[in-house]
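Please read it alongside the sequence and the model.

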Amino acid sequence: MSSVLEVEDLQIELITEHGVVRAVDGISLHVDPGETVTLIGESGSGKSTTAMGLLRLLPPDLAVLSGRAVLAGHDVIADPAAISGLRGRVVGLIPQDPMTALSPVHTVGRRLTELVRLRVGGTSRHQARLMARELLERVHVPDPERVLGHYPHQLSGGLQQRVLIACALAGEPELLVADEPTSALDVTVQAGVLDLLMELQERTGVAILMITHDLGVARLISDRVHVMRAGRFVESGDVERVVTAPTHPYSKQLLAAVPRLVHKEMPA
């Protein structure tokens, strides 16, 4: 089985006012069809920079990439222009913050309709509207016809995130890159979004590259994890092995930081 994404020795250097910073330092990974691979680490570890680099969404004048990253047979490091034909069709992005990812002056219907017409050539406005409604139904948005007429600020955080997932699915991608998709949501809503991602994966076989700082999220949704610190993978492996028997001190620190319920004896 060929991988949807294969990365070898990826390095990303960022040009800052304080000099050149190596944000990603020689990482390698692969994501196979139907599996979820998670990059987990604290803020600043390089996990989101990795995702944005693979999608070629970093400013080209401020980021220097080297190594190899093959997506659908195209090395997007050696040939950056290739990504323009892959984004939205082969790979879809679920951003972290819906309020910055969705235009405040466009309705959900306009956004989704434009995406459908962009991804599916020869689609009329009427057909695109029907497909947009179907996308909202696929992500379990209640009363999708009403939601199509709403602006993002009129929706709850959970519904906004489901709209972003619908946007990412518009081109029927083989890979979803989910960049902290639940970090701004409360625990109950977070669980619903994660359940939705797992349901979509089971139904369609889409692969997922998940970015998170939350070990609980990683354990729930992942097949394999890469623990990232200072731009490098310090530990990689099957999620249950890494979570239950971590070998690197940093992985142990992440595990120790997870809140635990403690039974407290009540006085007689």
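The model is predicted. The domain assignment divides the chain into domain 1 (1–90 + 174–257) and domain 2 (100–172). About 1,200 Å² is buried between domain 1 and domain 2.

**Domains and their contact**

- Domain 1 is assigned two segments, 1–90 and 174–257, while domain 2 is assigned the segment 100–172.
- The centres of domain 1 and domain 2, taken over C-alpha atoms, are 25 Å apart.
- Domain 1 contributes 16 residues to the contact, and domain 2 contributes 14 residues.
- Of the area buried between domain 1 and domain 2, 58% is on carbon and sulfur atoms.
- On the domain 1 side, Gly-88, Arg-89 and Leu-196 provide 37% of the area buried against domain 2, more than any other three residues.
- Zero salt bridges are counted between domain 1 and domain 2.

**Nonpolar surface patch**

- Ile-15, Val-20, Leu-62 and Val-64 make a nonpolar surface patch of about 340 Å².
- One of these residues, Leu-62, sits in the loop between α1 (47–54) and β4 (63–71).
- Leu-62 counts as partly exposed because its relative accessibility is 38%, which falls between the cut-offs of 20% and 50%.

**Asp-186**

- The loop between β7 (175–179) and α7 (187–204) contains Asp-186.
- Asp-186 has a relative accessible area of 47% and is therefore partly exposed.
- Asp-186 and Gly-157 are 29 residues apart along the chain, and their C-alpha atoms are separated by 9.0 Å.

Notes: Residues numbered from 1 in each chain as written. Predicted model: local features only at pLDDT ≥ 70, side-chain atom pairs only at ≥ 80, totals over all residues. Heavy atoms only, no water. Helix = DSSP H or I, 4+ residues; strand = E, 2+ residues; numbered from the N terminus. Buried < 20%, exposed > 50% of the residue type's maximum accessible area, 1.4 Å probe, protein only. Patch = residues over 30% accessible without salt bridge, like charges linked within 9 Å, V, L, I, M, F, W, Y side chains within 5 Å. Areas by Shrake-Rupley, 256 points an atom, 1.4 Å probe, with all protein chains shown as cover. Salt bridge = Lys/Arg side-chain N within 4 Å of Asp/Glu carboxyl O. Domains from an automatic or database assignment. Contact = heavy atoms within 4.5 Å. Buried area = accessible area lost by both parts, 1.4 Å probe.
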